[in-house]
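Good morning, and thank you for coming.

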Amino acid sequence: MDSIFLQLVVDGLANGAIYAALALAIVLVHRATGMINFAQGAMAVMSTFLAWSMWQVGLPAPVAILVTIVISMVMGAAVERLVIRRFEQGSEHTAVIVTVGLLVLFTGLAGLFWGYTAVEFPSLFPLGTLNIAGAFVSYQSLGNIAVLLLVVLGLQLLFKKTKLGLALRAVADNPESSSLSGIPVGNLLMVGWGLAAALGALAGALIAPKVFLDPHMLDQVLVYALAAAILGGLNSPLGAVVAAMLIGVVENLAGHYITIIGDDLKIAVPLIAMFIILLVRPQGLFGQKEVVRV
Amino acid sequence: MPVLELDNVTAAYGKAEVLHGIGLKVEPGGAVGILGANGAGKTTTLRAVSGMVKTGGQVTFNGRKITGLRPDQVAGLGISHVPQGRGTLARLSVRDNLLVGAYRRKDSRGVAVDLEHYFELFPQLAARRNNLAAALSGGEQQLLAIGRAFMSKPELMLLDEPSLGLAPSTAQGVYEAIAELRRHSGLSMVVVEQNAALAFSIVEEAIVLETGHVALAGTRDELMGMDAIREAYLGG
């Protein structure tokens, strides 16, 4: 195996880890509320700027990020309570369009408060690279992947092993019927949004050191993250991570080996992959096939 | 004191009032049927009890006024509602559906015991406890929905057309299961049904609704003696 190939794969995995971080937040909100939040990235950017501001005034980066995660959880819950709840009764499409509106609003607010000039964000991991069989991989990428795996594990435990997770899944499946079992649906939707916003803040903090921080930092990542979440089956945290890694690698390889794609058309790769895979497996790679009997 | 009492209950979807003053009483351990044609207001009556529709008049549960409470609050008081169409949580496993029913309970050991008890009563569901609820047959889904309500250890169960969409023999089986659960737990019930013969296999008394009004009320024997009931709901 030539070393360029290996390096492309390793870099692809590192990029994939970035897409995966945001994809996990999208999967979380979908699993907990049954909808897709297009504003997930914009909310994460706001959170990241908040952490950046705290770091600027002298807080150590890890502390700033932890505090931001907590604040983001509250803010995410507030967005559900104050905005999304008004649209939950109506058609699902209305609520989704509202999240597109929030995407524009939060991006604008981030620009208003912090400006559009890209700033540097501190990395949680040391600088430097590791040489693995001839390919170079940064400690930062390794750290990102490790954090992601922990998050996947945590989410699996939450959804499969806890009563809160069970209630979140029930509400996402059928809110009205869940309420008849005594589940306070509104509160759980709020919790779902809060958790997803917290995860988004973490994603932002992992991504920002690699790409610099500006209000549009996650616009492109959101495309990849949505593709990964959908490819992974929308309900599967592990599926989203695997799909994101796959997209990262395929994109890199296609960009290098297929000359017509090159660097400019790389973003088409996840969309083409999404198109092909959904043709063959409409439920996504890891999704459950919907079987409905009457 | 009755477990459940409806006094002059009205209900409306938007501006359209569909219940125009319903009265109903369920004594402790009793089972009351609500009969009537499509659109008479049977389902809406149950939804009014559960707080799922804008309601006027008064609904009391063990003497406490519950009109205006949210569905989850009503459920928390000990009223379990098996909705029309079963309300199965399709993408959850059979076991998880039952555990959702026990969401409000704090006695995790009691929940485990009740779960095993349920699986003993319904071995066909025990064998598929880890399957998705969506993969069950209609009759099994109905048994699962009833089981989920049962897992909350309710004092009162509201059943909305448990026979809907089932083959006659399957519907018969579902009603036998309901009777069995009732013998075990002594809970009170309100059963909405179009098929009066099935309903009368469980309930001792019933009301008959017509376009949002109580047209008739009486015991099983009284109602079954009436020609109008026999013709309309018992197939002559």
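In which helix of chain B does D96(B) lie? The answer is helix α3; helices (H or I, at least four residues) and strands (E, at least two) are DSSP runs, numbered from the N terminus.

A word on conventions. This is a predicted model, in which local features need pLDDT of at least 70 and side-chain atom pairs count only at pLDDT 80 or more, while totals for chains, interfaces and linings use all residues. Residues are numbered from 1 along each chain as its sequence is written, chains are lettered from A and ligands numbered from 1 in the order in which they are written, and side-chain values use heavy atoms, with hydrogens and water left out.

Let me return to D96(B). Its relative accessible area is 12%, so D96(B) is buried (under 20% relative accessible area; exposed is over 50% and partly exposed in between, with a 1.4 Å probe and protein chains only). Apart from neighbours within four places in sequence, D96(B) is in contact with L166(A) and R169(A), contact being heavy atoms within 4.5 Å. With R169(A) there is a polar contact between the two side chains, at 3.0 Å. By polar contact I mean a pair of N or O atoms within 3.5 Å; within protein, one must be able to donate a hydrogen and the other to accept it, and residues adjacent in sequence count only if both atoms are side-chain atoms.

T88(B) is found in the loop between β6 (79–82) and α3 (94–101) of chain B. T88(B) counts as buried because its relative accessibility is 12%. Not counting residues up to four places away in sequence, T88(B) touches D173(A) and N174(A), and also N97(B), A133(B), Q141(B) and L144(B). The side chains of T88(B) and Q141(B) make a polar contact of 3.4 Å.

Which strands pair with it? Two strands pair if DSSP finds at least two bridges between them. Strand β3 (residues 31–36) of chain B runs parallel to β8(B), joined by four bridges, and there A31(B) has M189(B) as its bridge partner. Strand β7 (residues 156–160) of chain B is also parallel to β8(B), over five bridges; here L159(B) is partnered by V191(B).

Strand β7 of chain B also holds D160(B). D160(B) is buried but has no salt bridge, and the nearest side chain of opposite charge, R47(B), is 6.9 Å away. A salt bridge is a side-chain nitrogen of Lys or Arg within 4 Å of a carboxyl oxygen of Asp or Glu; for charge, Lys and Arg count as positive and Asp and Glu as negative, with His and the chain ends not counted. The side chain of D160(B) does make a polar contact of 2.9 Å with that of T43(B).

Finally, R47(B) is one of the buried residues of α1(B). Helix α1 (residues 42–49) of chain B has seven of its eight residues buried, so this helix is largely enclosed by the rest of the structure. Just after α1(B), G51(B) takes a positive phi of about 75°.
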